[in-house]
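Here are my notes on the helix packing, as promised. Have the model open while you read.

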Amino acid sequence: MVREEILSGDVLEEEDLVSLADLCRSCTVEIQTVTSLVTEGVLDPLGRDVDHWRFTVGSLRRVKTVIHLQRDLGVNLAGAALALDLLDRIAELERL
């Protein structure tokens with residue numbers, strides 16, 4: 001007998017916000033990783049403190065990109081932050 005598993009989820013829009021816990025779960029990272037990304041300037045959370053931080057959907061992409069750069073290419077956090085800035089500038093220029 002074949003067992004079928006049904007997955008469910010929500011489609012997130014660009015303006016949607018996610019909690020710190022949701023961001024960590026979605027990107028499979030620890031809270032410390034996210035706080036390091038905030039300290040380095042990679043992420044800019046909304047909210048006055050860690051307990052109230054909310055992140056844009058774009059933050060999911062940024063975290064996943066940093067993880068890829070670090071894990072697969074051996075880039076340190078400062079280098080990953082620089083790479084993200086450059087990717088953002090390229091995307092901005094392509095929109096013009």
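**Notes on helix packing**

1. Helix 3 passes helix 4 in a right-handed crossing. Keep in mind that this is a predicted model. On the helix 3 side, the contact uses Arg62, Thr65, Val66, Leu69 and Gln70. Helix 4 brings Leu77, Ala80, Ala83, Leu84, Asp85, Leu87 and Asp88 to it.

2. As for the make-up of that contact between helix 3 and helix 4, seven residues are nonpolar, two are polar and three are charged. Arg62 of helix 3 takes part, and so do Asp85 and Asp88 of helix 4.

3. Now the geometry of this pair. Helix 4 covers residues 77–95, and its axis lies 10 Å from that of helix 3, at an angle of about 130°. The two helices are therefore oblique to each other, because angles over 145 degrees are needed to count as roughly antiparallel.

4. Helix 3, which spans residues 57–73, also packs with helix 1, residues 20–27. Here the angle is about 45° and the axes are 10 Å apart. That makes helix 1 oblique to helix 3.

5. Which way does helix 1 pass helix 3, left-handed or right-handed? The crossing is right-handed.

How values were computed
Residues are numbered from 1 along each chain as its sequence is written. This is a predicted model: local features need pLDDT of at least 70, side-chain atom pairs count only at pLDDT 80 or more; totals for chains, interfaces and linings use all residues. Side-chain values use heavy atoms; hydrogens and water are left out. Axes are lines fitted to C-alpha atoms, for helices over the stretch in contact, and angles run from 0 to 180 degrees between N-to-C directions. Helices (H or I, at least four residues) and strands (E, at least two) are DSSP runs, numbered from the N terminus. Angles under 35 degrees count as roughly parallel, over 145 as roughly antiparallel, 65 to 115 as roughly perpendicular and the rest as oblique. A crossing is left-handed if the near helix is turned anticlockwise from the far one by less than a right angle, and right-handed if clockwise. Contact means heavy atoms within 4.5 Å. Ala, Val, Leu, Ile, Met, Phe, Trp, Tyr, Cys and Pro count as nonpolar, Asp, Glu, Lys and Arg as charged, and the others, Gly among them, as polar.
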